[in-house]
Amino acid sequence: MLAMFYGWAVVAVCTIAKCFQSLGASSVFAFSVPAMLLDTRLGLTRSELSGAYSAGGLVGAFASPFLGVAADRWGSRICLPVAFVATALSLLLLSTATSVTVLFMGFLGARVFAIGGVSLW
């Protein structure tokens with residue numbers, strides 16, 4: 001009987017982590033496509049929409065050191081699933097946005113946990 005090679009499981013987890021990271025962190029260049037839909041649907045100006053996205057990125061950058069301390073304290077085995085769930089919930093909140101406040105909270109959560117959480121661990 002052959003023993004299971006766990007290298008492919010590691011590759012699968014890393015692939016999923018990269019997908020979650022790209023959803024919230026490095027989608028800056030793809031942001032203009034949904035921005036056209038969001039500003040017409042929510043009645044926002046481009047400044048409000050871009051401001052919410054940028055503010056989420058800034059808070060995500062400032063949260064990275066604190067999330068790094070959490071990873072050192074509790075380990076990636078605990079912190080990475082928490083970051084996955086938090087990113088997914090933030091994207092779910094973002095999909096139901098009806099105001100600038102909800103949009104900001106969705107961008108904030110998605111960018112904090114994707115920049116500081118998934119990409120850090």
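What share of the contacts in the protein with a separation of 6 or more is accounted for by residues 24 or more positions apart? Such residues account for 78% of these contacts, a contact being defined by heavy atoms within 4.5 Å. The structure is a predicted model, in which local features need pLDDT of at least 70 and side-chain atom pairs count only at pLDDT 80 or more, whereas totals for chains, interfaces and linings use all residues. Residues are numbered from 1 along each chain as its sequence is written, and side-chain values use heavy atoms, with hydrogens and water left out.

The secondary structure comprises five helices and zero strands, and the pattern read along the sequence is α-α-α-α-α. Helices (H or I, at least four residues) and strands (E, at least two) are taken as DSSP runs and numbered from the N terminus. Of the 121 residues of the protein, 36% count as buried; in this classification, buried denotes under 20% relative accessible area, exposed over 50%, and partly exposed the range in between, for a 1.4 Å probe and protein chains only. The protein exposes about 7600 Å², of which carbon and sulfur atoms supply 75%. Accessible areas were computed by the Shrake-Rupley method with a 1.4 Å probe, and for residues only the protein chains shown count as cover.

The largest nonpolar core consists of ten residues, namely Leu38, Leu42, Leu44, Leu49, Ala52, Tyr53, Leu94, Ala97, Leu103 and Phe107. At least two residues of this core are supplied by each of α2 (32–42), α3 (46–74) and α5 (100–118), and α3 gives the most, with three residues. A nonpolar core is here a set of buried Ala, Val, Leu, Ile, Met, Phe, Trp, Tyr and Cys residues joined through side-chain atoms within 4.5 Å. In soluble globular proteins, nonpolar side chains tend to be buried together. Among the core members is alanine 97; with neighbours within four places in sequence left aside, alanine 97 is in contact with Arg41, Leu42, Val102 and Leu103.

Helix packing was examined for α3 and α4. Two packed helices are described by the angle between their axes and the distance between the axes. Helix α3 packs against α4 (residues 76–95) at an angle of about 135°, and the two axes are 7 Å apart. The arrangement of α3 relative to α4 is therefore oblique. Axes are lines fitted to C-alpha atoms, for helices over the stretch in contact, and angles run from 0 to 180 degrees between N-to-C directions. Angles under 35 degrees count as roughly parallel, over 145 as roughly antiparallel, 65 to 115 as roughly perpendicular, and the rest as oblique. Ala70, Ala71 and Trp74 of α3 meet Ser76, Ile78 and Cys79 of α4. The residues of this contact comprise five nonpolar, one polar and no charged, where Ala, Val, Leu, Ile, Met, Phe, Trp, Tyr, Cys and Pro count as nonpolar, Asp, Glu, Lys and Arg as charged, and the others, Gly among them, as polar.

Individual residues were also considered. Alanine 86, in helix α4, is buried with a relative accessible area of 15%. The C-alpha atoms of alanine 86 and alanine 114 are 8.9 Å apart, although 28 residues separate the two in sequence. Glutamate 48, placed in helix α3, is partly exposed at 36% relative accessible area. Glutamate 48 and leucine 103 are 55 residues apart in sequence, with a C-alpha to C-alpha distance of 9.9 Å.

The loop between α4 and α5 contains threonine 96, which is partly exposed with a relative accessible area of 47%. Serine 99 also lies in the loop between α4 and α5 and counts as partly exposed, at 29% relative accessibility. Serine 99 and glycine 43 are 56 residues apart in sequence and 8.8 Å apart in space, C-alpha to C-alpha.
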